[in-house]
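The following exercises are to be worked through with the sequence and the structure at hand.

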Amino acid sequence: MRPLGKLHERWPWADCFLTYVQHFDVICCKPSTQMQVLRRAIHSGGQRLGEVIPVSQIRAYANLIPRFGQRTDSRLMSFNSSEHCHKFFLNKYFDKNTYFSLTL
Amino acid sequence: MKGVLEDHLIHQCLDIVLEPLKRAAQVGVMLSNPLGHNRYCFTPIASYIIDTPEATMLAIIGGKTSPVTMAMYKQFGDPFQHEPCTSLTTLAQLVAVASKADPSNLEAYFCEAQKFHLNSVHIPFWRNIPMSCPSRFLTPEMLHYFHKEFWDHNCKWCINELGPEEIDFRFLVLQPVTGFHHFKEGISSLKQVTGQTHRDVQQSIIGVIAGSAPCNVVIAVCALMDFRYRVQAYHITEKDLKLISSALHEFHLHKHSILDTGLHCGTANKPIDNWYIPKLELMQSVVPSIPRVGVTIQWSADVTEHAHIDQIKDPVRGSNNHNYDPQICRQLDHLEKCRGFKLAMSLKDPELGLDTSTGAMDGEPGDEENDPSVISRCVTDYFACSLRLASSTPDTVPLPRRTFSASCIAFNLAYDPHIRHISVDNATKQFGLLDLRAALANFLSYERSHSVDSVHPIGGGPRKAAENTELPFEDIQVWFKLCLQTTEIHTHSILPAQTLLASLPEGDWKYGCYDSVVVNVDGTKIWPASGLQGLLSIILFCISTIFIPCLIRTLNCTTPPHYAALGQAA
């Protein structure tokens, strides 16, 4: 721990929560369901794209459902599905508010 | 014949009970409006909220025929609305039946009535109420028309398509959402489910089947789901009505694929090749009903269905399981007397009256106990909290403010952080976020070059900051939970808050547990009006940590160090 802050200077984050977020790209919209398909955004090096933003930029909860193929990988569990799956549906049917926001 | 007599009895009872309303509907009555002005009012029946079998009984229609249209069971799957079954038609049919058989001769009258698909009640209670036609006042009802239809049919198609094991496994694999049911045991073997469970399954079933079921089946199921969601809106415009009709039309265009693939099964899992589903026919009457009597969601059976719990189930728990009826009646009678006594006391003693009113103000739980029709739990209003906090001077509230709002969303965090302080490097390791320091440096450099309130963009080329950049602070506080509260998109009423998780890897959660959010990265776009417009304005994220940097003094650590630092800074 180092006393780094210059205490008499104005500290702009005294009233601001920050959050680290990882980015998903919208890759397409499935025609049969009209649901967006998402994929994690990655750097050219394969590393996930993360950013720090103020919490106040968050607008809504987004429910993601892994995009299961013909058969589901039996190693998946509820604990790891969001980590191991590659593509997700942005679930517009999560609730009525989500539905109306996403189908405008 | 017993059933016939029962129907007769109900219509006779309604006749007696509704007598004052009938008179008011015929000649009018003076009623005072909320402003206290007297108005000359008429009381035709606008809506009778009821289950399908009871609806047919009220419309005095026999089985296997629609209560609101002339369609009989073979026409239930037709993609259009049949001619409405009006009160005039039915009354004319009654005259025709009466001319052939005497109503007092039950059996002969029953046989004759059946020829017209009537149930042999000869004096329907609605016969002399002006402007009250069963085809209009039997309004569509959410629970029975939509949620049960989904559960009995759509859900079964999906289970048959994927197979019970596969669909159960998929529901198991979904990441649990705080406040919502997680189907650990799957959905295929559920018995005796409530309307809430129907909705919980509706939430994710499309996403679950979308990848693997045949395209046309997905389109058909999806179209009905769209129909269901759109009809539940609180505001419906002409344009919405068109969308609702087109969703239903879409289903009828693709429904053949469900029969073709043999997904529509009856008992013993034998495929059925017809659409004799009464609820499917009833869906046709939803769109015409909305311009006549208003949005469907207001005619919800929730209150009447819930009355069964208040009026029957709860009193039964207090009984000794003998003589149910008298015991229930006695308990309801006692409760009624207690309520009357309380009310009288509060009127007599102003202090007591004051007590109850302030009690109700605090969190309004008292209100709910008194009023059985209020089912929903009371919702904390974070918008009001944030306004209160924002208007108070910074010295009088602990900073940072734990409740704050931005455009149409309010946030709430616990007063105490889950990790009081942790160094940035430690956080990097524990959360497994290798680029945390670089992301922070990036954030700071953007903050320096733009105003503090500007919206932070995302991406935008390679990151300039390196992994080992010096930061103006070393420690952060971390929160694992964040409550989001939004308002209903049409009525702007406050919705219950949704808790989001962003917690450390722990136990079974080897990778941590992170929820996803929609983030605004373009100040010119306003959610939700913008939708996911342009796909660049709003991007989706999974939140990995929620934190606040804290300044820490190593010396004079008598008070919690970060508060001292923050207090001075402010």
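**Exercise 1. Confidence in chain B**

Determine the mean pLDDT of chain B and the stretches of chain B where pLDDT is below 50.

*Solution.* Step 1: chain B has an average pLDDT of 81, and 86% of its residues score at least 70; pLDDT is the predictor's confidence in each residue, on a scale from 0 to 100. This is a predicted model, in which local features need pLDDT of at least 70 and side-chain atom pairs count only at pLDDT 80 or more, while totals for chains, interfaces and linings use all residues. Residues are numbered from 1 along each chain as its sequence is written, and chains are lettered from A and ligands numbered from 1 in the order in which they are written.

Step 1: Helices (H or I, at least four residues) and strands (E, at least two) are DSSP runs, numbered from the N terminus.

Step 2: residues 354–375 of chain B have pLDDT below 50, and this stretch makes 16 contacts beyond near neighbours in sequence. Contact requires that the C-beta atoms of two residues, placed from the backbone, lie within 7 Å. Residues 550–570 of chain B also stay under 50, with 42 contacts beyond four places in sequence.

**Exercise 2. Domains of chain B**

Into which domains is chain B divided, and how many residues of domain 1 are in contact with domain 2?

*Solution.* Step 1: the domains of chain B are domain 1 (2–137), domain 2 (142–300), domain 3 (303–370) and domain 4 (384–569), with bounds from an automatic or database domain assignment.

Step 1: the centres of domains 1 and 2 of chain B, taken over C-alpha atoms, are 30 Å apart. In chain B, 17 residues of domain 1 contact 17 residues of domain 2.

Step 2: on the domain 1 side, these residues comprise eight nonpolar, six polar and three charged. Ala, Val, Leu, Ile, Met, Phe, Trp, Tyr, Cys and Pro count as nonpolar, Asp, Glu, Lys and Arg as charged, and the others, Gly among them, as polar.

**Exercise 3. The open sheet of chain B**

Which strands stand at the edges of the five-stranded sheet of chain B?

*Solution.* Step 1: the open sheet has the order β3-β4-β7-β8-β9 (chain B), with antiparallel pairing; strands pair if DSSP finds at least two bridges between them.

Step 1: β3 (403–406) and β9 (513–514) of chain B are at the edges; each has a single partner strand, so one side of each lacks a neighbour in the sheet.

Step 2: strand β8 (residues 498–503) of chain B pairs with β9(B) over two bridges, and B:Ser503 stands opposite B:Cys513 in β9(B).
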